[in-house]
Every structure is written in structure tokens, then in C-alpha cells.
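Then let us walk through its parts together.

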Amino acid sequence: MKRPAPVPPRRRRRLPPWLRWAVAVALLGTVGFYLTHQRQINRHVRLAWASLISRHLTGHEKTPLLDGYSVHGIDVSAYQGRINWPEVARHDVQFAFIKASEGVTLRDQRFRRNWEAARKAGVYRGAYHYFQPNYDGARQANLFTRTVPLAPGDLPPVLDVEHAEFHDVATMRRNVGIWLRLVERHYGVRPILYSNYSFYKRHLAGHFDKYPLWLAHYEVPEPRLPRDKWIIWQHSDEAYIPGIRGTVDFNVFQGSIQTLLALRIPPRSGPAQP
């Protein structure tokens, strides 16, 4: 029988040198981009995953407390839906700031319910206004004061300033100052200013230093601002607290519970006794 002629081995086709260089550069660029933006990329992946599994959550998931702090709190809005406040209180949440208003017309639809339920559950409560930088500061202050019945024992009012779309930074700062002054005059207590690290550094630092600062700064072991610059640190916006189905902002107060309570609106002085 005649043997078939041997088949020569196939020669592997090699990529042209220019294409090999292009692939190498693309891979290096991808790795470099990931290493440079690793925290942001991982964060977006986690948020996307949290959104994907949100329908399967039970409301009993729990994020560990941040080490090194004894006073922990949350901030909520209608976004969190119906909250089981007694369950929240049972899991070391000592304070909560509740969204009351935004801009010049918007009232949070769950504010009243959350406001009363937090008090009944024994959670120290405060309220915040989401600032719209292109609207008049006095009108925004008026909306907040007409919405929030702050009383002795409540935490100070908060102005949330982080909306990056504004026409003029000087006008934005002027309206922030108007809101802070009018609200302080109305309640008789100095408000707290909330912002995220990058927005604060770029637009607010050095302009409102007499107001206590609540700083949002994620993916860091500690805020990059000195500790004497802030009193509350929002260290996560993807935490889980039993009693809330889905993610919620998690905060720590820099100090003891007695220091936090000292910030509360004081009792009204009554008429002098004879």
C-alpha cells in the first residue's frame, strides 16, 4: 500500500509588527487606566451590581460599622422607600438626617413620615435641604423653614451643596450664604454645611469656615481634610442597614455621643420666674 505523502506543518501566521505594537500599547493603556482609576471603576461596578440585585434584597443586609468611631448615622430621602425605623435603631444607628426639600418648590414626599418615625424610634434626627445653585437662596431658605418644624432636641439644619451645574460661582456662593444666614436666624442655631470633597475644595473651602462641615469622601481610609475641618464624615453611599431595603448613605460623627447631643437645638428659654 502506498503511504500518503506527509502533510507539511502549518505555519502560524504572525501579526505584522505594527499590529503587535498596537495591541501591546492598547493592553498597557487599559492596565494603566485601571490602575489609575481603580477605585472609581470598582465603585461603579459595585453600584451596578447593587442595582442589579436590588429586587432580591430582603432589608436585613448589614454593612459593618466603621472602626475607630463610636457614633454612626445615616441620611435618607424618599429614594429609600418605606423605612422600618425601629429596626434601624436596633442596629447602632444613632442619628439620621432626613431630606426635607430641594430648590424652591420640591418637598420630599416621605419627609413627614420619616421625621416622626425616626423620633419615635429614638434616633436623633435632623433635616437637610438639597441646594439648587441657580435658584435664589432666600426662596430656598423659605421653603425649608416652612417645611421643617425643628424643635429643641433636634439636630441642626443642613444645607447640601454639591450640584455642579451653575452659571457663576460667585452667585452660587452668595446664595449659599443667604440660605445659611436666614436659616440660622429662623431656628437660632448655626446650620451644618454638607458637600463632597472635590466640590468643597474647588468651590467652598475658605468661604464658609464658621459653619460645621459634613464631608462626603469615599474610597479613602480617612478624609483628606484635616480633622479639625469637619465634624461628620459620609464614608459610604452604598451601605446596607437592616430596616432599609437597598443602599443608604453611612456616616460617622467625629466625637462622642455627648458631643453630638451638644449640637442639638437647645430648649427655649421661658419667661423669668418671680
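This report goes through the strands, helices, cores and a few single residues.

## Before we start

The model is predicted, so local features are described only where pLDDT is at least 70 and side-chain atom pairs count only at pLDDT 80 or more, while totals for chains, interfaces and linings use all residues. Residues are numbered from 1 along each chain as its sequence is written, and side-chain values use heavy atoms, with hydrogens and water left out.

## The enclosed strands

Let us begin with strand S4, residues 124–130. Helices (H or I, at least four residues) and strands (E, at least two) are DSSP runs, numbered from the N terminus. Six of the seven residues of S4 are buried, so the strand is largely enclosed by the rest of the structure. Here "buried" means under 20% relative accessible area, "exposed" means over 50%, and "partly exposed" is in between (1.4 Å probe, protein chains only).

Strand S6 (192–196) is another one to find: five of its five residues are buried, so S6 too is largely enclosed by the rest of the structure. Which residues of S6 are buried on each of its faces? Ile-192, Tyr-194 and Asn-196 lie on one side, with Leu-193 and Ser-195 on the other.

## How the strands pair

Two strands pair if DSSP finds at least two bridges between them. Strand S2 (residues 95–102) runs parallel to S4, and seven bridges join the two; in one of these places, Phe-97 has Gly-126 of S4 as its bridge partner. S4 also pairs with strand S5 (residues 158–160), in the parallel sense and over three bridges. There, Tyr-130 stands opposite Asp-160.

Asp-160 also stands opposite Tyr-194 in S6. S5 and S6 are parallel, with three bridges between them. From S6, four bridges lead on to S7, again in parallel, and Asn-196 has Ala-216 in S7 as its bridge partner.

## Crossing over by helix

What kind of unit do S4, helix H5 (residues 137–147) and S5 make? They form a right-handed β-α-β unit. A crossover is right-handed if, with the strands pointing away from the viewer, the path from the first strand over the helix to the second runs clockwise. S5, H6 and S6 make a right-handed β-α-β unit, and so do S6, H7 and S7.

## Helices with a buried face

In helix H4 (residues 111–120), the buried residues are Phe-111, Asn-114, Trp-115 and Ala-118. Viewed down the axis of H4, they fall within an arc of 105°, so they line one face of the helix. The arc is that of the directions from the helix axis to the C-beta atoms. These residues pack against S1, helix H3 (85–89), S2, S4 and H5, where contact means heavy atoms within 4.5 Å. After H4 comes Gly-122, with a positive phi near 85°.

Helix H7 (residues 197–204) has Tyr-197, Phe-199, Tyr-200, His-203 and Leu-204 buried. Seen along the axis of H7, its buried residues lie within an arc of 165°, so they line one face of the helix. They pack against helix H6 (169–187), S6 and strand S7 (213–216). Just after H7, Gly-206 has a positive phi of about 85°.

## The nonpolar cores

A nonpolar core is a set of buried Ala, Val, Leu, Ile, Met, Phe, Trp, Tyr and Cys residues joined through side-chain atoms within 4.5 Å. The largest one has 50 residues, of which Ile-74, Trp-85, Val-148, Val-161 and Val-176 touch the most other members. H6 gives the most to this core, with six residues. Apart from it lies another core, of 13 residues, including Phe-95, Leu-155, Val-158 and Tyr-194.

His-72 sits in strand S1 (residues 71–76). Its relative accessibility is 3%, so His-72 counts as buried. Beyond residues up to four places away in sequence, the residues that His-72 touches include Asp-92, Phe-95 and Phe-250.

Most residues other than glycine have a negative phi. Asp-92, in the loop between H3 and S2, is not a glycine, yet has a positive phi of about 65°. Asp-92 is partly exposed, at 41% relative accessibility. Glu-219, in the loop between S7 and strand S8 (232–239), also has a positive phi, near 60°. Glu-219 is partly exposed, with a relative accessible area of 28%.
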